[in-house]
Amino acid sequence: MSEDLQRRVHELEAELGRHRRARALARAVDERLEEALRHRQPLERVVPELLAILCEHAGARGAAVRTLDESLSERTFTHGHAPVSPELFAHGAGGESPLAVEGGGCALAHRLDVAGEDFGLALSFHEVDPSEEAAELLEIVCEGLDNHLAAIAQARRQYEVIRAISDALKEPVLERGIERAIEVLRREVDFENLVLLFRHEDELESGALRYLVYQDGALAHDSAAVNDRAVDALMREHAAAFLDGDDEAIRRRFGITRYREEVLITGVRAARVIGRMLVTSRQGEFHTYDRELLDRFADYLRQRIVDFNREWKQLALVFSNDVCERLLREEGYVERWLTPRDRETAILYGDIAGFTRLSEGVLKTPEAIGRLIDIWTDAAVEILWDTGGAFDKMVGDCVIGLWGPPFFERTPEEVCEAAVEAAVRIRALTRSLVGHPDLPEIAQLEQPLDVAVGVSFCPLSVGIFGPNEDYTGFSSGMNNTARLQGLAQGGQILCMESVVQALGEARFGDRREAPVKNVADPLVFRALRDAPAPGSARER
């Protein structure tokens, strides 16, 4: 065999040996990283062991890695004799390699990066000038470590984005919270269009329907601040169909073809769709990372809407939709508007006249009695709300309303006018029930169904009270209003002198007095003579 041929054989054998050693190192690195993934091991355990594997295969006396850990904090991991220093890392990051090491020897440096994003630096320390093979082996370890670190960094980034979305949705005012959360999402997910529509429970009326429309990544339409009445009409017209999955009309309006859908469902036994979101990617399809963020965003949003609906439902027991909407748009609304305070308030007590006789002699069954109360109460409470009042409670067949709460922005004259208007309308409502198709039992009453009403204007401690957090009021004036209502006959609307003073005497009968048990001063009141003048007494 010629000398040249022998040399060539030695070169090939050496190259084969290098390939085998490289493959052995790559296999060892892969096996260790797979084990780390299976057992979800932290970097502080995994990286030093990888460095030990490197030292064993590359003949290095030590190794070090400076990178970001699971909390995205900079961290240095070492194995063996690794005299690291900030200067050494700085020179290595600048591209120098090999590097002279204080005290003797040298170090090879290799940057950790994925798709050009810097993840840190790896160093291997050697007694003498390292071979080219040592640099190749260091690169093999770094390539395996790159992907592992990138996955950890991405998971950590995703966690931080999800936490930021969660924190944004903790904003007390729902609309602001949603906009903040979508802004967090927009910075991470390059979406083009987003249509979000949700509701309060099963309601789709004005105050119970919300929508946000983002076009080209920016907020274009908002139900809280309508800037295009045609879009608003479209969203409201097709809201029910959209929530049921028929989104063609809305998609056509905003030019949406390829999209990702998120449905917001609440309830276990009886699942209800409370919201739906369509979102499009500028790239046509969403990456897995983006899909996971959108899923988590939808989960947090669904829970926030459920919580919001719970608040809405509690407030809606007392206040009209307009008032609920205003309250929930204000941060700290409970402390500002609903904590107990002493204010002058108009009060109405309205009781169906002769209800005991009616129940025992005409309605007779509990089902029929309950049906009358439900029909009458629902309509009476709507009248309270329509005139700007709050519904305090029902006591038997007596409805109690308050005017002034929760904002106390109207004058005494305005709240007294509203209370009297409500009394007149409740009287008309009660009389009209004789012909109600769902109340056949009272169709043949000898005397028309009627109501007895007492109205007053007096100081009241009003707000949230008790373990059940009921919104109600307390004062001697409240008690006297109940006593006044007890003096009224069917069809009468009796008003305290304080109401007469606010509205003028022309619409009232003669001044009357009635003694009150255990109270020194008698009640002073008059009967309403005429219905209030036409006009809106609603709270604007």
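These legends describe close-up views of a predicted model. Local features need pLDDT of at least 70 and side-chain atom pairs count only at pLDDT 80 or more, whereas totals for chains, interfaces and linings use all residues. Residues are numbered from 1 along each chain as its sequence is written, and side-chain values use heavy atoms, with hydrogens and water left out.

**View A. The sheet with strand order 2-1-5-4-3.** This open sheet has 5 strands and antiparallel pairing. Strand 2 and strand 3 stand at the edges with a single partner strand each, so one side of each has no neighbour in the sheet. Strands (E, at least two residues) and helices (H or I, at least four) are DSSP runs, numbered from the N terminus. Two strands pair if DSSP finds at least two bridges between them. Strand 1 (residues 62-68) and strand 2 (residues 74-80) run antiparallel and are joined by 7 bridges. Leucine 68 stands opposite glutamate 74 in strand 2. The hairpin of these strands has 5 residues between them, and leucine 72 takes a positive phi near 60° there. On its other pairing, strand 1 meets strand 5 (residues 117-126) over 6 bridges in the antiparallel sense. Arginine 66 stands opposite leucine 121 in strand 5.

**View B. Helices on the sheet of View A.** Helix 4 (residues 132-169) packs on this sheet and touches strand 1, strand 4 and strand 5. The direction of helix 4 makes about 35° with that of strand 4. Helix 3 lies across strand 1, strand 2, strand 3, strand 4 (106-114) and strand 5. Helix 3 runs at about 115° to strand 5. Contact means heavy atoms within 4.5 Å. Axes are lines fitted to C-alpha atoms, for helices over the stretch in contact, and angles run from 0 to 180 degrees between N-to-C directions.

**View C. The sheet with strand order 8-7-6-10-9.** This open sheet also has 5 strands, with antiparallel pairing. Its edges are strand 8 (218-222) and strand 9 (260-266); each has a single partner strand, so one side of each is left without a neighbour. Neighbouring strands are turned by 15° against each other on average, direction ignored. Helix 9 packs on the sheet and touches strand 6, strand 7 (209-215), strand 9 and strand 10. The direction of helix 9 makes about 35° with that of strand 9. Strand 6 (residues 191-199) and strand 10 (residues 272-281) pair in the antiparallel sense over 6 bridges. Leucine 197 stands opposite arginine 276 in strand 10.

**View D. Helix 5 against helix 9.** The axes of helix 5 (residues 174-188) and helix 9 come within 11 Å and cross at roughly 175°. That makes the two helices roughly antiparallel, a term for angles over 145 degrees. Helix 5 contributes Leu174, Ile178, Ala181, Ile182, Leu185 and Glu188 to the contact. Residues from helix 9 include Leu293, Phe297, Leu301, Arg304 and Phe308. The contact holds 11 nonpolar, no polar and 3 charged residues. Ala, Val, Leu, Ile, Met, Phe, Trp, Tyr, Cys and Pro count as nonpolar, Asp, Glu, Lys and Arg as charged, and the others, Gly among them, as polar.

**View E. The second largest pocket.** This pocket has a volume of about 330 Å³. Of its 17 lining residues, the closest to the centre are Gln314, Leu315, Leu338, Ile464 and Glu469. Helix 9 (288-316), helix 11 (333-338), strand 12 (389-395) and strand 15 (470-474) each give two or more residues to the lining. The lining divides into 9 nonpolar, 3 polar and 5 charged residues. On a 1 Å grid over the protein atoms alone, a pocket is an open set of points where a 1.4 Å probe fits, with protein on both sides within 12 Å along at least five of seven lines; lining residues have an atom within 4 Å of a point. Points are joined across faces, edges and corners, and the volume is the space filled by probe spheres set on them.

**View F. The hairpin of strand 12 and strand 13.** Strand 12 runs antiparallel to strand 13 (residues 398-403), and 6 bridges join them. Glycine 389 stands opposite tryptophan 403 in strand 13. With 2 residues between the strands, the hairpin has glycine 396 at a positive phi near 65°.

**View G. Backbone exceptions in loops.** Most residues other than glycine have a negative phi, and most peptide bonds are trans. Arginine 40 has a positive phi of about 50°. Arginine 40 is placed in the loop between helix 1 (3-39) and helix 2 (43-58). Serine 97 and proline 98 are joined by a cis peptide bond, with omega about 0°. Proline 98 lies between helix 3 (86-93) and strand 3 (99-100). A cis bond also runs from proline 405 to proline 406, with omega near -5°. Proline 406 sits in the loop between strand 13 and helix 14 (412-432).

Note on methods:
Parallel < 35°, antiparallel > 145°, perpendicular 65-115°, else oblique.
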